[in-house]
Every structure is written in structure tokens, then in C-alpha cells.
Amino acid sequence: MLDAITETFPPEWKVSSPELIAETVTSRIVKVRLENGEAAVIKHLTPLGMREELGGTHYLEWHDGDGCIRLLAQSHNNLLLEYAGERTLLDHLNEHGDDAATQIFVDVFLKLLQSKQAGRRPVPPDLIPLRTMFASLFKKAEADRNRGVQSQFAEAAELADRLLNNQRDVQPLHGDLHHENVLHGIRGWLVLDPKGLIGDPMYDAANMFYNPLDRDDLRASESRIASMARTFSEAFN
């Protein structure tokens, strides 16, 4: 399998020492060495990945390394990416606690916001609007209301609609920020694997309250929610 993947790598990239480090339905992640010996990653997109993940490349290009990994090159379904390191924010949380991990995330998130504030690059035109991301929720809520059912989906859709109608500081969004998409390497903490959305940046911040997915003790903790909210509020005000 790895040999078949590496055959698609452009020869001009001059990569060597391929090592398959992850595989999902949307991509295969291969660690390689560049001609100068530095580590890099090639993300080999599957047909599903070509439909769902290419938007993330525009997010990376827009940030150009400000708080996130760099897109070094692209050829069809192969993305040559900066190597972000191996230590995740989840590793840091497990070793140093949730408060320390939250503070690191806030620092990284502020760096992403400052990239936009610098105003150096035009916003990519083909990012996915947040309302589009909630289309299935609105469809389910409408079906429930038509059946006379006031379900949790209908309640959630009402809240989502209200928030989406009152978005502020609309800008490119990562779309899937969580503890395992923030890694530490040579350039410090960086985010990777963006989906490429556009909307209110608090969407990305809110996602952290529901993570890590395997830590129900944290996600269901009212004191943790309050602590995170205070940390966010102090950073953004």
C-alpha cells in the first residue's frame, strides 16, 4: 500500500524515507524527509478527502504559517505539509492538567486571530459558511416541527439560527479545533488539519468545550466550563 502511495508523489519534491503514520477514510498521512533532511508530511487524499478536505488548504494558505502548519506544495491529491511534531495538546493536558492546556490553546487561537487582523491577505472565496455546516440540523428540526414534535433538534436549531444571524468578525475558520489537532514542534504550538470554514471565530473556540472526546469528566464539568469561559473572556477582552 505504501509503495503505491509513494508512486504518486511528484519527483520534484525529492522526498525520501516514507513512513505511514496514520490512515483514515479521507487521507493517508506519510512522514517523509525533504532534500535538506528536514521532516515533512505528505497528506495523500482519498476521493472522499478530495471532496471534504481540500478547503482546508485555502485556510493554510491564508494563514501562511501564522499559528498553523504551512502548506509547502500541492499536486493533485497530494499535499506537502510542514511537520508539526509529535506532542499533542492532549499529551500536555494529560501531563500538566486542563488549565495549562486551555491556556496554550488560547495563545494559539489568539495568534490565528491576529493573522486576520494584520489584513495582509484576501479571504479565500470558497470557504464553507457556518450555516451550510448546520444544514442537516435545520433539516431534521424542520421535519420534527412538521410532525408536531418539539425535539432537542428543534431547540438546537432555534439557538443555532439565532447565533448564525448574529455573527461577529466573520473570517476563515479551522472548523475542527481540538486537542489532537494542536501539536508542538520546532516552531512551537501549531494547528493542523483544518476544514476551511468561514464565520464567527467563536465557533472554533466553542469546539474546545466539548473536547477531549474521551474525557467525559471534563466535558460534563460545570466548574471546568466556567473556568474555560473565564480564561477565554480574559483573553479576548
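Strands β8 and β11 run antiparallel to each other and pair over three bridges; pairing here requires that DSSP finds at least two bridges between two strands. Strands (E, at least two residues) and helices (H or I, at least four) are DSSP runs, numbered from the N terminus. The model is a predicted one, in which local features need pLDDT of at least 70 and side-chain atom pairs count only at pLDDT 80 or more, while totals for chains, interfaces and linings use all residues. Residues are numbered from 1 along each chain as its sequence is written, and side-chain values use heavy atoms, with hydrogens and water left out.

Attention now turns to charged side chains. Over the whole structure, 13 salt bridges are found, a salt bridge being a side-chain nitrogen of Lys or Arg within 4 Å of a carboxyl oxygen of Asp or Glu. One of them joins Lys43 and Asp193, with an N to O distance of 2.5 Å. Lys43 belongs to strand β3 and Asp193 to the loop between β10 (188–191) and β11 (197–199), so this contact ties together parts that are 150 residues apart in sequence. Lys43 is buried, at 8% relative accessibility, whereas Asp193 is partly exposed at 22%; buried means under 20% relative accessible area, exposed over 50%, and partly exposed in between (1.4 Å probe, protein chains only). Both residues also take part in a network of salt bridges that includes Glu53.

Another salt bridge connects Lys14 and Glu35, whose closest N and O atoms are 3.8 Å apart. This pair, too, links distant parts of the chain: Lys14 sits in the loop between α1 (2–6) and β1 (16–23), and Glu35 in the loop between β2 (27–33) and β3 (39–45), 21 residues apart. Lys14 is partly exposed, with a relative accessible area of 48%, while Glu35 is exposed at 61%.

A local example is found in helix α10 (residues 216–219), where Arg219 and Asp216 lie three residues apart, about one turn of the helix. Their side chains meet in a salt bridge of 2.5 Å, N to O. Arg219 is buried at 18% relative accessible area, and Asp216 is partly exposed at 49%.
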